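Please read them with the model open.

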Amino acid sequence: MQAFFADNPVLQNILDMAAIIIPLSMLFAFCGISILAVSGEVLSLLRRRGFYGKCAMQLSMLGQGLGWTLLVGGRVWLYFLEKDIPGGSTLITIHEVSWLVLGLSVIFSCIYFLLWKTLAQYPGIHIGVGIISALQGILALLLVLVCLRIAAVASLPQAEEAGITLPQALMPVWGTDYATSLCYIPFLLLAMPAAFGCVWLLLRRKKDDFGRDHYNTVLPWCAAWARNAWGVLWLLLLAASGLEVFRLVQAQMFTPADGVTAGIRVLLWLVPVLLWFMAARSTTPLRHKIGLSLSLVLSCLFTLPFFMGLSSWTPLP
C-alpha cells in the first residue's frame with residue numbers, strides 16, 4: 001500500500017485530506033446534534049406542532065450513527081497510534097482521556113434517544129436529559145480539539161526546537177490563524193448538525209413516512225438553522241480576510257494574486273448560505289436535494305482550513 005501511494009501522490013493527498021475532513025465534520029455534527037434535537041423538542045411544545053418533535057427524534061437517530069462511528073473509528077486509530085508512540089507517553093494518555101469523554105457523550109446520546117417513548121408523557125424530564133447530552137457533547141468536542149491542537153503543535157519541528165509548554169501551545173495569539181479558528185468553533189457546532197440533518201431527513205423520507213407536510217416544515221427549519229449559524233461564521237471569515245488583506249497592504253506585500261485568493265475564498269464559503277437560504281424559503285424544500293447535498297459537502301470541506309488554522313503555531317510575543 002505504501003508503494004502504491006508513493007507512486008500516486010495525488011491519491012495520497014486526497015486520502016490525507018479525507019482523513020481530516022470526514023472525521024472532523026462528523027465530530028462537529030455529532031457533538032452539536034443534541035442541541036438541535038432539544039431545540040426541536042422545545043419548539044414542538046411552544047408551537048404545539050408534533051412535526052418538530054418527530055424531527056428531533058430523527059436527528060437523535062442520526063446522532064447515534066455518527067457517535068458510534070466516531071467511537072469505533074477513534075478506538076482503531078488509537079490502536080495504531082499506540083504502536084507508533086512509546087508506552088506511557090503523555091500524548092497517548094491525553095488521547096485516551098478524550099476518547100473516554102467522547103464515549104461518555106455517546107452513552108448520554110443513546111440514553112436520550114432510547115428514552116424517547118418512555119418519557120413521552122414527561123417531556124420536561126426528557127428535555128433535561130437532552131440538555132445533559134448536549135453539554136456532554138460540547139465538553140467532548142472541546143477536549144478532542146484540545147488534543148488535536150496539542151498533537152499538531154507537538155509534531156511541528158519549529159515548535160519542538162523552541163521547547164514550547166502546554167500553556168504556550170493552547171494560548172491563542174491575536175491575529176493568528178489559530179485564534180481565528182477558535183472563533184469558528186461555536187458556529188461550526190451549530191451549523192454542521194443542521195447541514196447533516198437536512199441530508200438525513202431527505203434520506204429518511206421514504207423510511208419515515210410522516211407525510212409531505214412534515215418535511216415541508218422541518219426541512220426549512222433545519223436549513224434556516226444551518227444558514228443562520230453559517231452566515232455568522234461567514235461574516236467572521238470576511239472580517240478575518242479583510243484584516244489579512246489590510247495587513248498585507250500595510251506591509252506593502254499585497255499582490256493582485258492575494259486579492260483574487262481572498263475573494264475566491266470568501267465567495268466559496270458564501271455558497272452554502274445561499275443554498276440553505278433558498279431551501280429555507282422554498283415551499284417545496286424536498287426539491288432542493290442537490291442544493292442541500294452540495295451545502296453539506298462544502299461545509300465539510302471547510303473543516304480542512306479550520307484544522308490547518310488549529311494546527312498552526314505562532315510564538316508568543
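**Notes on pockets, cavity and helix packing**

1. Helix H8 (177–203), helix H9 (212–250) and H13 each contribute at least two residues to the lining of the second largest pocket. This is a predicted model. H9 gives the most to that lining, with eight residues.

2. The second largest pocket has a volume of about 700 Å³. It is lined by 23 residues, and those closest to its centre are Thr-176, Asp-177, Thr-180, Tyr-184 and Ala-240. By class, the lining divides into 13 nonpolar, six polar and four charged residues.

3. The largest pocket has a volume of about 1,000 Å³. Its lining has 28 residues, and Ala-19, Pro-23, Trp-77, His-95 and Leu-148 are the closest to its centre.

4. Which helices supply the lining of the largest pocket with at least two residues each? They are helix H2 (9–47), helix H3 (50–84), helix H4 (90–114) and helix H5 (123–154). The largest share, nine residues, comes from H3. The classes in this lining are 20 nonpolar, six polar and two charged residues.

5. A search of the whole structure for cavities of 30 Å³ or more finds one. The volume of the largest cavity is about 40 Å³.

6. Which residues line the largest cavity? Arg-149, Met-171, Val-173, Thr-176, Tyr-178, Ser-312, Trp-313 and Thr-314 do. Four of the lining residues are nonpolar, three are polar and one is charged. Thr-176 deserves a look in both places: it lines this cavity, and it is also among the residues closest to the centre of the second largest pocket.

7. Last, a helix pair. Two packed helices are described by the angle between their axes and the distance between the axes. For helix H12 (residues 289–301) and helix H13 (residues 303–311), the axes come within 4 Å and cross at roughly 15 degrees. H12 and H13 are therefore roughly parallel to each other, since angles under 35 degrees count as such.

8. On the H12 side, Ser-299, Cys-300 and Leu-301 make the contact; on the H13 side, Thr-303, Leu-304 and Pro-305 do. The contact of H12 with H13 has four nonpolar, two polar and no charged residues. H13 also ties this point back to the opening one, as it supplies at least two residues of the lining of the second largest pocket.

Key. Residues numbered from 1 in each chain as written. Predicted model: local features only at pLDDT ≥ 70, side-chain atom pairs only at ≥ 80, totals over all residues. Heavy atoms only, no water. 1 Å grid on protein atoms, 1.4 Å probe; cavity = no way out; pocket = protein on both sides within 12 Å on 5 of 7 lines; lining within 4 Å. Points joined across faces, edges and corners; volume = space filled by probe spheres on them. Nonpolar A, V, L, I, M, F, W, Y, C, P; charged D, E, K, R; others polar. Axes fitted to C-alpha atoms, helices over the stretch in contact; angles between N-to-C directions. Parallel < 35°, antiparallel > 145°, perpendicular 65-115°, else oblique. Contact = heavy atoms within 4.5 Å.
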